[in-house]
Amino acid sequence: MRRVQVTEHSCGGLAAADVMRKLLYCKKNNIEWHIDSDFKHYNLLLVTVVGFEIKDKFVKLIKRLAHAAVNLEDIHLEDEVKCENCQYYPTTWYPSTDKERELTRRLINEERSSPIRINIK
């Protein structure tokens, strides 16, 4: 299982988890996510994405990942969590209605011969 956390927030707290986030934090908003089209991964079965939003860049990233991880069975999508240091809680584009959740599932699974189970918390 892999867990990916996506956030636009960075505060001054220096808890151990925050140190890692600060090292990986990028101020650039228009990052191009690239996964080589020839790359295949056979052991990845579950991916959890924390901070998912209904935006084209997120859907494209997950579709590319699902294409590369040929045995991927489950994707868990989670909203961004409240910052433990400063109590920041972002306004997000997380799929909150049944209609948005179903649309998200269809967008990710379109053009797939076998659909991936998508759990939206």
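Modeller: In this predicted model, a contact means that heavy atoms lie within 4.5 Å.

Biologist: Among contacts in the chain between residues at least 6 apart in sequence, what percentage join residues at least 24 apart?
Modeller: The count takes in contacts between residues at least 6 apart in sequence. Of these, the share that joins residues at least 24 apart is 73%.

Biologist: Which pattern does the chain follow when read along the sequence?
Modeller: The chain has three helices and four strands. Read along the sequence, these elements give the pattern β-α-β-α-β-α-β.

Biologist: Which element gives the most residues to the largest nonpolar core?
Modeller: The largest nonpolar core has 18 residues, and F52, I62, L72, I75, L77 and I108 have the most contacts inside it. Two or more residues come from each of strand 2 (46–50), helix 2 (56–68), strand 3 (74–78) and strand 4 (117–120). With four residues, the element that gives the most to this core is helix 2.

Biologist: Which residues does I108 touch, not counting residues up to four places away in sequence?
Modeller: I108 is one of the residues with the most contacts inside the largest nonpolar core. Not counting residues up to four places away in sequence, I108 touches V59, I62, K63, I75, L77 and I118.

Biologist: Is F52 buried or exposed?
Modeller: A residue counts as buried if its relative accessible area is under 20%. The relative accessibility of F52 is 0%, and therefore F52 counts as buried.

Biologist: What is the geometry of the aromatic pair that F52 and F58 form?
Modeller: A search of the whole structure finds one aromatic pair. F52 and F58 form this pair, with 5.8 Å from centre to centre and 75° between the planes. Planes over 60 degrees apart count as edge-to-face. The geometry of the pair F52 and F58 is therefore edge-to-face.

Biologist: Is F58 buried or exposed?
Modeller: The cut-off for a buried residue is under 20% relative accessible area. F58 has 8% relative accessibility, so F58 counts as buried.

Biologist: At what distance does the side chain of N109 reach the backbone nitrogen of I116?
Modeller: N109 lies in helix 3 (residues 98–109), and at 15% relative accessibility N109 counts as buried. Leaving aside neighbours within four places in sequence, N109 is in contact with P115, I116 and I118. The side chain of N109 reaches the backbone nitrogen of I116 at 2.8 Å.

Conventions
Residues are numbered from 1 along each chain as its sequence is written. This is a predicted model: local features need pLDDT of at least 70, side-chain atom pairs count only at pLDDT 80 or more; totals for chains, interfaces and linings use all residues. Side-chain values use heavy atoms; hydrogens and water are left out. Rings of Phe, Tyr and Trp (its six-membered ring) pair if their centres lie within 6.5 Å; planes under 30 degrees apart count as stacked, over 60 as edge-to-face and the rest as tilted. Buried means under 20% relative accessible area, exposed over 50%, partly exposed in between (1.4 Å probe, protein chains only). A nonpolar core is a set of buried Ala, Val, Leu, Ile, Met, Phe, Trp, Tyr and Cys residues joined through side-chain atoms within 4.5 Å. A polar contact is a pair of N or O atoms within 3.5 Å; within protein, one must be able to donate a hydrogen and the other to accept it, and residues adjacent in sequence count only if both atoms are side-chain atoms.
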